Amino acid sequence: MIVGIGTDLCVVERFEAMLQRRPGLSARLLTSSEQELSLPSQAARFAAKEALAKALGSPGGMRWLDCQVVKSDVGVPSFETTDTVAARIAALGIATIHLSISHDGGYATAMVVCES
């Protein structure tokens, strides 16, 4: 059964401007391995985390770094979660999280479907 759905769209240029205006923000939003990626890929990871938060009901208290977007050997994206995010997933009885991310033409987008 579907427990939650979330989607997000991020304008890469606006994401870059936000990171430039607020030094240290990148380290609060993205894990060290995510920060090593290209700017469009970073924006896509941010969109994925936003989409997951929406699918989880956007509760307060979740930390951005308790969620990381990873890819399988064949390029399938998924989340690795810990602490606050993992606790919310467990509380909702979520067994499977589907993630789709993309970036092109100055935009990054993500969609998340959570199933019990």
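Two strands are taken to pair if DSSP finds at least two bridges between them. The model shown in these views is predicted.

**View 1. An open sheet of three strands.** The strands of this sheet follow the order S1-S5-S4, and their pairing is antiparallel. Strand S1, residues 2-11, and strand S4, residues 96-104, form the edges, each pairing on one side only. On average, neighbouring strands of the sheet are turned by 10° against each other, with direction ignored.

**View 2. The pairing of S1 with S5.** Strand S5 comprises residues 107-115 and runs antiparallel to S1, to which it is joined by nine bridges. Within this part of the sheet, Cys10 stands opposite Ala108 of S5.

**View 3. Helix H1 on the sheet.** Helix H1, formed by residues 12-21, packs on the sheet and touches both S1 and S5. The direction of H1 makes about 80° with that of S1.

**View 4. Cys67 and Cys114.** The structure holds zero disulfides. A disulfide requires two cysteine sulfur atoms within 2.5 Å. The cysteine sulfur closest to that of Cys67 belongs to Cys114 and lies 10 Å away, so the two are too far apart for a bond. Cys114 is likewise in no disulfide, and the nearest cysteine sulfur to its own is that of Cys67.

**View 5. Burial of the two cysteines.** A residue is called buried when its relative accessible area is under 20%. Cys67 counts as buried because its relative accessibility is 3%. Cys114 has a relative accessible area of 0% and is therefore buried.

Conventions. Residues are numbered from 1 along each chain as its sequence is written. This is a predicted model: local features need pLDDT of at least 70, side-chain atom pairs count only at pLDDT 80 or more; totals for chains, interfaces and linings use all residues. Side-chain values use heavy atoms; hydrogens and water are left out. Helices (H or I, at least four residues) and strands (E, at least two) are DSSP runs, numbered from the N terminus. Axes are lines fitted to C-alpha atoms, for helices over the stretch in contact, and angles run from 0 to 180 degrees between N-to-C directions. Contact means heavy atoms within 4.5 Å. Buried means under 20% relative accessible area, exposed over 50%, partly exposed in between (1.4 Å probe, protein chains only).
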